[in-house]
Amino acid sequence: MGIANSVLEAVRTEMGRHPGTYPCKVGVRIGEMAAIDQDALRFCFEAMILETDLESLELGIEVCPRRHRCQVCGYEFIVRDYDSRCGQCASLETTCISGDELELAYLEVEEYEPSTAGAKSTQ
Amino acid sequence: MNRVPLEQKVLSENDRIAAELRARFKEHGVLCLNLISSPGSGKTSLLERTLETLPRHDRVAVLTGDIQTENDANRLKRFHFPVKQITTGGTCHLDARMIERHLADWRLEDLDLLLIENVGNLVCPASYDLGEAAKVVVLSVTEGEDKPLKYPSIFFKSDLLVLNKIDLLPYVPFDIEAAAENARKVHPGMEIVKVSCLTGNGLHEWMMWLAERRKAHKPLVQQTAS
C-alpha cells in the first residue's frame with residue numbers, strides 16, 4: 001500500500017508539470033529481488049485510485065531479472081535458480097549489478113479534448 | 001499520447017531521509033543495525049540477551065517497531081538503556097521518517113550503537129532503507145529451511161543471518177545446513193551465526209560479530225573526523 005501510494009504521489013507531482021493533460025499510464029520497474037508482489041501492488045494501486053481523479057490510470061509493470069557481472073572475465077548474465085556462477089568462465093566471484101529495482105520509469109499523458117477542456121473551464 | 005520519462009526511485013522520499021540519517025549516524029559515530037524477521041523468530045529475545053550482556057555504561061539505544069502495543073519496549077526497558085517503541089498503527093514495516101521522528105529527542109553524540117527492531121515481516125522491511133549500516137535477518141528453526149529461497153530479498157540485503165532457537169533442533173524437522181546453504185545461494189558469502197536465546201548457546205558468536213562491527217565502524221569515523 002505504501003509503495004502504491006508513493007507511485008501515486010509521484011504521478012500527482014509530475015502532473016503539475018504538464019498542464020492541460022491527464023495521466024493515462026504510469027510505468028514502474030520492479031526487480032525480482034525487490035520483494036514486491038506484482039499482484040499485491042496492482043490490487044493496492046487499483047483500490048487507491050477508485051473513485052478519484054486518477055481512476056482511469058493504468059499501471060504498467062516491467063519485471064527486471066537479477067543480473068550479475070563476473071569479476072574475473074567481466075561477463076554479464078541473468079541469474080536463474082540462484083545460480084550465480086559465471087556462465088562463461090564458471091567463476092563464483094560474481095557481483096550483483098541489477099535486480100532490486102523499485103523505480104518509476106515513465107508516465108503517459110494525454111491532452112484534454114478541446115471540448116473537455118472547455119467543459120472544465122466552465123465548472 | 002506523450003510518454004514522459006520519470007527515472008526516479010519509487011521510494012525516493014524515504015531514501016532521501018534515510019541518506020540524511022546515515023550521514024548523521026556517520027557524523028556521530030553511531031553504528032545502526034536494522035533487525036528483521038518474521039513475527040516470533042526472536043528479535044526481541046536476541047535484543048534482551050544482547051542488552052543484558054553489554055556493560056551498563058555502554059552507549060546503546062533501541063528503537064522497537066510493532067503494529068500495536070508497547071510490550072517489546074517494556075521487555076527491553078528493564079536493562080536501563082534508552083528504549084523507545086514505535087507503534088505503526090497498521091503499517092507492516094518501519095520507514096525512515098518514523099526513525100527520524102523517534103530519534104528527535106535523543107542526542108546522537110551520546111550513542112555508539114543504535115539497534116532497530118523492525119516490525120515482524122520478511123517482505124516489506126526489505127524495501128525501506130532506514131539509514132542503517134547493516135541489516136541483520138533472524139530466522140528460527142521452527143520456520144522452514146527454504147525461507148531464504150522464498151523471501152530472497154531480505155536475505156540478499158542482510159549482512160548477517162542469525163539462526164535462532166537451535167535448542168529446538170532435536171524436536172523439529174529443520175535441516176540447519178540446508179538453511180545455511182539456501183541463504184548462501186541467495187547471498188554468496190553471507191555470514192551466519194547459530195544461536196539459542198533460551199540457553200545462550202552461540203550468543204558469544206553474535207556478540208563477537210557485533211563487537212567487530214562496532215570496532216570496524218569506529219576507526220573509520222575517527223579517521224574522517226581527524
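**Entry 1: ground rules**

I note that this is a predicted model, in which local features need pLDDT of at least 70 and side-chain atom pairs count only at pLDDT 80 or more, whereas totals for chains, interfaces and linings use all residues. Residues are numbered from 1 along each chain as its sequence is written, while chains are lettered from A and ligands numbered from 1 in the order in which they are written.

**Entry 2: the sheet of chain A**

Between strand β3 (residues 67-70) of chain A and β5(A) I read 4 bridges in the antiparallel sense, and A:R69 stands opposite A:T95 in β5(A).

**Entry 3: chain A as a whole**

I recorded 3 helices and 6 strands for chain A, which follow the pattern α-β-α-β-β-β-β-β-α along the sequence. The radius of gyration of chain A is 20 Å, whereas a compact globule of 123 residues would have one near 14 Å; the radius is taken over C-alpha atoms, and the globule rule is 2.2 Å times the number of residues to the power 0.38. Taken along the principal axes, the C-alpha atoms of chain A fill a box of roughly 70 × 25 × 15 Å. Buried residues make up 24% of the 123 residues in chain A, where buried stands for 20 or more other C-beta atoms within 10 Å of the residue's own, exposed for 12 or fewer and partly exposed for what lies in between, with C-beta atoms placed from the backbone.

**Entry 4: two positive phi values**

I found phi of A:E51 near 55°, a positive value in a residue other than glycine; A:E51 is in the loop between α2 (38-49) and β2 (58-64) of chain A, and is exposed, with 6 other C-beta atoms within 10 Å. Phi of A:D81 is near 50°, also positive in a residue other than glycine; A:D81 lies in the loop between β4 (76-78) and β5 (94-98) of chain A, and is exposed, with 7 other C-beta atoms within 10 Å.

**Entry 5: where the chains meet**

I looked up the interface and found 22 residues of chain B in contact with 25 residues of chain A, contact being a pair of C-beta atoms, placed from the backbone, that lie within 7 Å. On the side of chain B that touches chain A, β1 (2-9), α6 (152-157) and α7 (176-186) of chain B each supply at least two residues, and β1(B) gives the largest share, 7 residues. That side divides into 14 nonpolar, 5 polar and 3 charged residues, where Ala, Val, Leu, Ile, Met, Phe, Trp, Tyr, Cys and Pro count as nonpolar, Asp, Glu, Lys and Arg as charged, and the others, Gly among them, as polar. Strand β6 (residues 102-111) of chain A and β1(B) run antiparallel and are joined by 6 bridges, with A:L107 opposite B:V4 in β1(B).

**Entry 6: inside chain B**

I read an open sheet of 7 strands in chain B, in the order β4-β3-β5-β2-β6-β7-β8, with parallel pairing. Each of β4 (83-87) and β8 (191-194) of chain B stands at an edge with a single partner strand, so one side of each is left without a neighbour in the sheet. The twist averages 20° from one strand to the next. Within chain B, strand β6 (residues 134-140) and strand β7 (residues 160-164) pair in the parallel sense over 5 bridges, and the bridge partner of B:V137 in β7(B) is B:L161.

Key: Two residues are in contact if their C-beta atoms, placed from the backbone, lie within 7 Å. Two strands pair if DSSP finds at least two bridges between them. Axes are lines fitted to C-alpha atoms, for helices over the stretch in contact, and angles run from 0 to 180 degrees between N-to-C directions.
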